[in-house]
Amino acid sequence: MTLRFIGTSSDDGDCPTLYDIQGTNEILVQGERETDPEHLAQLRDVKESETFVRVPRSLLIRYAPTAEAPALQPFASISSFFREFRHTAWRLETRPGYASDRNSAKWARFLSGEDIGRDPDNAWRENVRAQTAQGKRFERVRLVDEPLTQGQAFLLASAPGNVAAGEDIRNLTRAQARELRLPDYDFWLFDSKTVARFAFDDEDVTLGVYVSEDPADVLAACQARDAAWHHAVRTEEFAERVRSTM
């Protein structure tokens, strides 16, 4: 089963840390093993398979989930969120590529060397224009490898159309993301209140989303957003950097 990083109270990448065991309602705790013999002697009903770790109380206060794990639901179930959010819709993109991009008509044009950054508006960009005209914000940070994967190069090439429609798209290297302890999963964060976390298969196909308003999930998403946004580079500047190295 896959582990999902929830949060840590350590600033230097050391433990303790909490992880969600996806597909279950269980949490994995990483911390220093308890070795004090007096403490161990006071533990009750200990099975041979069990061990014990120490973690700061603040870690549990900040990150421990307070609700059951959300169920996987189709991505279409959150389509209304992109119209009905009140202030911000923020996305973290972490994957080297997406099956939805590779299956699009744009992909073949990209591979042939066409400019795909100035296409006419589609339904997505029309909605972005409508929402940003009301003062709302569409923002996203894309993690990129060095050098870019083909999927990341596609997104960079197509980004000008989304930026022109009103999105603020920025890029952050995967190495920086690791230093910042960012999550390794994609999500949308709506109004700093609702998180929609993506599930993918091994072929980068979207399986659905887990929607949560659990304060622990929202806090982790907000902290990831703030850290990523501070260090990420705007699309225009990042594209110029890429061109200068080619």
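## Sheet

Two strands count as paired if DSSP finds at least two bridges between them. In this predicted model, eight strands form an open sheet of mixed pairing, in the order 6-12-11-10-7-8-9-13. Strand 6 (72-73) and strand 13 (233-234) are at the edges with a single partner strand each, so one side of each lacks a neighbour in the sheet.

Strand 8 (residues 137-144) and strand 9 (residues 168-173) run parallel and are joined by six bridges. Within strand 9, Ile169 is the residue opposite Arg140.

## Strand 11 and its hairpins

Strand 11 pairs with strand 10 in the antiparallel sense over four bridges, and Phe190 stands opposite Thr194. Three residues separate these two strands in a hairpin, where Asp191 in the turn has a positive phi of about 55°.

Strand 11 also runs antiparallel to strand 12, with six bridges; here Ala196 faces Val211. This second hairpin has five residues between its strands, and Asp204 in the turn has a positive phi of about 70°.

Seven of the seven residues of strand 11 are buried. Thr194, Ala196, Phe198 and Phe200 point one way, while Val195, Arg197 and Ala199 point the other way.

## Nonpolar cores

The largest nonpolar core has 19 residues; Phe82, Phe138, Trp188 and Ala196 are among those with the most contacts inside it. Elements giving two or more residues to this core include helix 7 (150-165) and strand 11 (194-200). A second, separate core of 18 residues includes Leu172, Phe187, Ala221 and Ala228.

Phe138 touches Phe82, Ala89, Trp124 and Trp188, among others.

Note on methods: Residues numbered from 1 in each chain as written. Predicted model: local features only at pLDDT ≥ 70, side-chain atom pairs only at ≥ 80, totals over all residues. Heavy atoms only, no water. Core = buried A, V, L, I, M, F, W, Y, C linked by side-chain atoms within 4.5 Å. Buried < 20%, exposed > 50% of the residue type's maximum accessible area, 1.4 Å probe, protein only. Contact = heavy atoms within 4.5 Å. Lists of a residue's contacts leave out its neighbours within four places in sequence.
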